[in-house]
Amino acid sequence: MPVRLPGLSAMRSPSTSVLSFLRPFSFTTAVAQPPRETRPPARSPARSPTPSSTSRLQSINKDRMSVGGGAKGRSAAASTMHRLGQSYKERAAVGLLEKQSQIDFLKHRKISKDYLRQMPRRWVPGDVYSPHDLSPREMEKWRRKNPRQVDVVDQFGLRPLDMYKNFSLIQAFTTSSGQIKHSKETALRPVNQRKVAKMIRRIQGMGLYPTIHDHPELIRSDFYHPEQRRG
């Protein structure tokens with residue numbers, strides 16, 4: 001069977017574009033086609049103009065005037081504003097009174113605390129006292145007194161500047177971090193306290209006594225067992 005050529009089939013069935021091109025040259029009468037329906041273009045609904053802020057205020061005022069009846073509406077609004085102002089003033093006055101009362105309470109409490117600090121005797125509920133008990137002379141008996149202990153330097157007749165080799169004595173006047181103790185802890189007289197402090201600073205400056213811990217000979221028992229130390 002011979003092979004068909006694509007050109008012959010195309011010539012037998014002409015396309016619509018070819019027919020539309022050859023139609024003016026044909027002698028046959030054209031077939032009338034029904035007319036197409038034409039639809040009018042769709043229109044968007046008309047939007048109402050948005051009222052401005054001025055027109056809104058005017059409409060609100062008109063409504064108020066119509067409801068209140070002119071002068072009556074204005075008088076009612078004025079009375080309402082007056083009542084609101086009075087309520088705000090009353091609240092402000094109450095707030096000021098509460099604040100002032102709180103300030104007075106704090107002042108009185110501070111004064112009472114100051115008086116209690118000046119009174120060496122602490123009163124407890126149920127104590128009975130007379131006016132004489134509140135006198136300064138009687139209150140002096142209740143003051144806390146720190147009686148000075150025995151001065152070691154004066155008691156044993158020591159010369160602090162010559163005791164720089166006595167590490168146990170130096171440890172008694174210094175803390176575990178090598179700082180010199182206060183005279184309240186050492187119970188020394190001011191003269192002896194200055195001499196002991198001078199001796200400790202000298203020996204620390206010479207490097208014979210550590211400045212951040214106790215002497216190694218004094219804390220050796222904390223690190224080694226007594227039997228190991230003997231061996």
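How many helices and strands are there in the protein? I get ten helices and zero strands, taking DSSP runs numbered from the N terminus (H or I, at least four residues, for helices; E, at least two, for strands).

Before going on, I note that this is a predicted model, where local features need pLDDT of at least 70, side-chain atom pairs count only at pLDDT 80 or more, and totals for chains, interfaces and linings use all residues. Residues are numbered from 1 along each chain as its sequence is written, and side-chain values use heavy atoms, with hydrogens and water left out.

Next I looked up burial. Of the 231 residues, 13% are buried (under 20% relative accessible area; exposed is over 50%, partly exposed in between; 1.4 Å probe, protein chains only).

Then I turned to helix 9.

Which residues of helix 9 are buried? I list Asn192, Gln193, Val196, Ala197, Met199, Ile200, Ile203 and Gln204. They sit on the same side of helix 9 because their arc around the axis is only 160°, taken from the directions from the helix axis to the C-beta atoms.

These buried residues pack against helix 6 (152-156), helix 7 (167-172) and helix 8 (183-186). On the face turned away, I find Pro190, Arg194, Arg201, Gly205 and Met206 exposed.

Last entry: Gly207 follows helix 9 with a positive phi, near 85°.

Note on methods: Contact means heavy atoms within 4.5 Å.
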